[in-house]
Amino acid sequence: VLQRMWARTRPKGGIYFLTKTSCQIDPEAAFSLKQRSHGLCFDYVDHNLSLIAAELADVHVCSSFAQEGWIRSRQAAGEFAGGPTEVILHNADAALYGLAPPVRSGFLAVYCGNRANTRIPAALAADIAVLDGSKPRRMRRILDQLPDFALHYGLRDGTGDLASVVKPFTKGITAALCHANIMTSRDVPDAERLLGADYPFLIDGSGDAVVIEAYRRARDAFGGPEWHRGLDAMATLREQVSGPALAARFRAMAALLGVT
């Protein structure tokens, strides 16, 4: 009832951008917003797409290229609501933007996120710091520490993921804004797409021996040509989530609704 009351009092014109759980808006409230606006854009982020009435969206905003591919393939099979898609990459914490390249005297590695979502081999437990950035308040507490780390560990545990959940490459983007490299699996959504197939710290496989060997190779590469080749790829990624790049994506989204 409150959603419907709110929708009926919204200003006319403009575009309504709903994100994550807000995409589960009441259908009647959505209809009221549609009548008062140029359209509704749903940014699903990493929400379970099977829980959302996606037919209410006029534009499907995708937080990753992998998610856009998922939606388009389901649309082609008649298993997802029709309508145009637009990729607006899920950016990192705003406080990381404009961070100057840090001067690092040595190699340090970090996993930034919910510890339950990753698997760090026991042999590397002492080498990889864990900072909990899973919630905004927790992230704010660790922001000052992140630039100290040259390598971000981006391997997910992989258990419990649903086929209808496509996560954005947030850990890679966070590392890019920290002017760091990331060690992650090649099959992580968007990793190869955004970093390139030849990015030196993509891993094939997830066994402990593979992960340990990849970590040691990254550590040994620190400061050398391979390390800087990785940083060049991260700089390209950083540019893709810059303010001007994201603004251009929003303009493209608006153009789909006839707003220029």
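A residue is called buried when its relative accessible area is under 20%, exposed when over 50%, and partly exposed in between (1.4 Å probe, protein chains only). By that rule, both F107 and Y215 are buried. The structure is a predicted model, in which local features need pLDDT of at least 70, side-chain atom pairs count only at pLDDT 80 or more, and totals for chains, interfaces and linings use all residues. Residues are numbered from 1 along each chain as its sequence is written, and side-chain values use heavy atoms, with hydrogens and water left out.

## The sheet and its helices

Let's begin with the strands. Helices (H or I, at least four residues) and strands (E, at least two) are DSSP runs, numbered from the N terminus. Two strands pair if DSSP finds at least two bridges between them. Five strands make an open sheet with parallel pairing, in the order β6-β5-β7-β8-β9. Its edge strands, β6 (128-131) and β9 (202-203), each pair on one side only. Inside the sheet, β5 (residues 109-112) pairs with β7 in the parallel sense over two bridges, and V110 stands opposite H152 in β7. Helix α8 (residues 225-240) packs on the sheet and touches β7 and β8 (181-185), where contact means heavy atoms within 4.5 Å. The direction of α8 makes about 85° with that of β8; axes are lines fitted to C-alpha atoms, for helices over the stretch in contact, and angles run from 0 to 180 degrees between N-to-C directions.

Now look at helix α7 (residues 208-221). Its 14 residues reach 20 Å from the first C-alpha to the last, close to the 20 Å expected at 1.5 Å a residue (the expected span is 1.5 Å times one less than the number of residues). Which residues of α7 are buried? They are V211, I212, A214, Y215, A218 and A221. What covers them includes β5, β6, β7, β8, β9 and α8. After α7 comes G223, whose phi is positive, near 85°.

## Aromatic rings

Rings of Phe, Tyr and Trp (its six-membered ring) pair if their centres lie within 6.5 Å; planes under 30 degrees apart count as stacked, over 60 as edge-to-face and the rest as tilted. The count comes to eleven aromatic pairs. One of them is F107 with Y215, edge-to-face at 5.9 Å centre to centre and 65° between the planes. F107 lies in the loop between β4 and β5 and Y215 in helix α7, so this pair ties together parts that are 108 residues apart in sequence. The rings of F201 and W227 have centres 5.5 Å apart and planes at 55°, so that pair is tilted. F201 is buried at 2% relative accessible area, and W227 is buried at 3%. One aromatic cluster is formed by F107, Y199, F201, Y215, F222 and W227.

## Salt bridges

A salt bridge is a side-chain nitrogen of Lys or Arg within 4 Å of a carboxyl oxygen of Asp or Glu. The whole structure has 16 salt bridges, including these:

| Salt bridge | Closest N to O |
|---|---|
| R4 and E28 | 3.4 Å |
| E86 and R249 | 3.4 Å |

E86 lies in strand β4 (residues 85-87) and R249 in helix α9 (residues 243-255), so the pair ties together parts that are 163 residues apart in sequence. E86 is buried at 11% relative accessibility, whereas R249 is partly exposed at 29%. A network of salt bridges links R4, R8, D26 and E28.
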